[in-house]
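Look at the charged side chains in the model below. The text after it goes through some of the pairs they form.

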Amino acid sequence: MLDVKLNDSLRDINQHGSVDNFWVVLDSDGEDISNRREDVYKRILGSGIDIGECRVEVIIQNPCIETWGLGNKSMIAVNQLHGSMSELYRHYDVKNDDPELMKKQDGFIGTDAGFHEKYLKEMLSINSIRYTKKNPNGLKENYYLNKIIERATSEEEHLGSFLYFYRRALEL
């Protein structure tokens with residue numbers, strides 16, 4: 001994506017000239033957030049494509065967008081946990097601990113981000129919500145987002161990458 005789509009987007013901004021904000025939103029992919037953000041800014045500057053006065057914002061989700069979805073505490077009723085959700089919750093309590101710090105379970109084949117996606121799907125399924133990347137039902141509802149905002153702003157040590165995104169969005 002960064003090798004092709006980024007330059008395509010920059011060329012579009014250059015050609016149309018009416019874009020005043022350009023946001024690049026990526027998963028951290030296990031990399032340091034600052035390093036990943038800096039890499040994107042360097043790629044933009046190194047592209048040689050003039051985007052004029054367009055403001056660039058780079059948002060890095062830590063480790064992925066599904067992690068932000070785990071920040072809605074109201075989706076977990078501890079007395080209703082059963083089966084694999086109970087096992088996931090015993091591994092890591094996303095209701096009380098920062099979801100961004102969660103590591104995958106021993107034996108999970110895949111990345112931490114993949115584990116976060118699995119956890120989110122299980123958490124939402126208990127609430128009869130089906131989640132896929134193409135159809136993020138539930139997560140796109142205002143009530144769901146408001147709960148994540150509430151948590152990130154009241155427990156500032158939680159969901160740091162979301163809080164960064166949220167504060168930047170308020171600046172627009």
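What follows is a walk through several salt bridges in this structure.

The model is predicted. Side chains of opposite charge can pair when their charged atoms come close. In this structure there are 14 salt bridges.

Begin with the pair R43 and D3, whose side chains form a salt bridge with an N to O distance of 2.8 Å. R43 sits in helix α2, which covers residues 33-46, while D3 belongs to the segment before α1. The two are 40 residues apart, and the pair links distant parts of the chain. How accessible is each partner? R43 has a relative accessibility of 30%, so R43 counts as partly exposed. D3 is at 59%, and because exposed means over 50%, D3 counts as exposed.

Next, turn to helix α1, where D8 and R11 both lie, three residues apart, about one turn of the helix. Their side chains meet in a salt bridge of 2.8 Å, N to O. D8, at 32% relative accessibility, is partly exposed. R11 is partly exposed too, with a relative accessible area of 38%.

Helix α5, residues 112-126, holds K121 and E117, which are four residues apart, about one turn of the helix. A salt bridge of 3.3 Å, N to O, joins the two side chains. Is E117 buried or exposed? The cut-off for buried is under 20%, and E117 is at 19%, so E117 counts as buried. K121, with 34% relative accessibility, counts as partly exposed.

Finally, salt bridges can be found in a network here: R55, E57, R168 and E171 are linked in this way.

How values were computed. Residues numbered from 1 in each chain as written. Predicted model: local features only at pLDDT ≥ 70, side-chain atom pairs only at ≥ 80, totals over all residues. Heavy atoms only, no water. Salt bridge = Lys/Arg side-chain N within 4 Å of Asp/Glu carboxyl O. Buried < 20%, exposed > 50% of the residue type's maximum accessible area, 1.4 Å probe, protein only.
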